[in-house]
Amino acid sequence: MPEGDTLFRTARTLERALGGQTVTRFETVLAKLARVDEDSPLAGRTVQRVESRGKWLLMHFSGDLILLTHMLMSGSWHIYRPGEKWQRHRSHMRVVIETAAMLAVAFDVPVAEFHTARSLERREGFNRLGPAPLAADFDAAKAIANLAARGDLELGMALLDQTVLAGLGNVFKSEVAFACGVSQFRRVSTLTPAQLGDVVRVAQQFLLANVTPASGHRRTTTGDNRMDENLWVYGREGEPCRRCATPVCRKKHIGDGRVSFWCPACQE
Ligand SMILES: [Zn+2]
């Protein structure tokens, strides 16, 4: 599943492509979206801005209309010039937003809804999002308090809980725990306030490092963009820990798609 940095970059790319432009054509195979378009057409509206919030993507149109999408495991947004060949088959298309210069195509997005500012505030799952480290108004103290309030959870579970902190997935979860020297299997209540602060600070630092104009397409937490050098532990099962050379461990959690990587010597 794409994590917060990927969504942030997608939003930025979409905003650069479509921001300030007038929609000339809207197309969708999703009946609920089509009905809204029939009642109050997208064509003629301006794309005001595109932003991410955790793993959600919000496209704001003039006239108080917001397209909310979530990629889950399968979805993606692509940008094309008119007439350019798509990289996915048309059968995967869910939404097309076209302007005079560009079109944005959402493929296989499992969640796509129109909202007004008010209905968005009430939207289950979105209205309880925790602070997003990539948001301009990120509230680190609130994120730390949210973590502390989930003392009964394993750290790894708490970091994936989007109501605690919005935007982390399996990769950043493992990377943050490693960088902080704490096991993601520890209950949050066993962490000191300093460790909780570290976890939130590092989570923000890692996400931010991957959305700077200079950051490449390969995600990095080590600061090295080269393949096989870019992450501390994620995807490195059996390979030597970069700090102590102990083989990195991996655990696949049954049933929920979670996977964890860690160094048994560096993290406790
Ligand atoms: Zn180690």
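Which residues have the most contacts inside the largest nonpolar core? They are Leu147, Leu155, Leu159, Leu165, Leu168, Val176 and Val199, in a core of 34 residues. A nonpolar core is a set of buried Ala, Val, Leu, Ile, Met, Phe, Trp, Tyr and Cys residues joined through side-chain atoms within 4.5 Å, where buried means under 20% relative accessible area with a 1.4 Å probe, protein chains only.

The model is predicted: local features need pLDDT of at least 70, side-chain atom pairs count only at pLDDT 80 or more, and totals for chains, interfaces and linings use all residues. Residues are numbered from 1 along each chain as its sequence is written, and side-chain values use heavy atoms, without hydrogens and water.

Helices (H or I, at least four residues) and strands (E, at least two) are DSSP runs, numbered from the N terminus.

An open sheet is formed by four strands in the order β1-β6-β7-β5, with antiparallel pairing; two strands pair if DSSP finds at least two bridges between them. At the edges are β1 (25-28) and β5 (76-80), each of which pairs on one side only. Strands β6 (residues 93-98) and β7 (residues 103-107) are joined by five bridges, and Val96 has Val105 in β7 as its bridge partner.

Key: Buried < 20%, exposed > 50% of the residue type's maximum accessible area, 1.4 Å probe, protein only.
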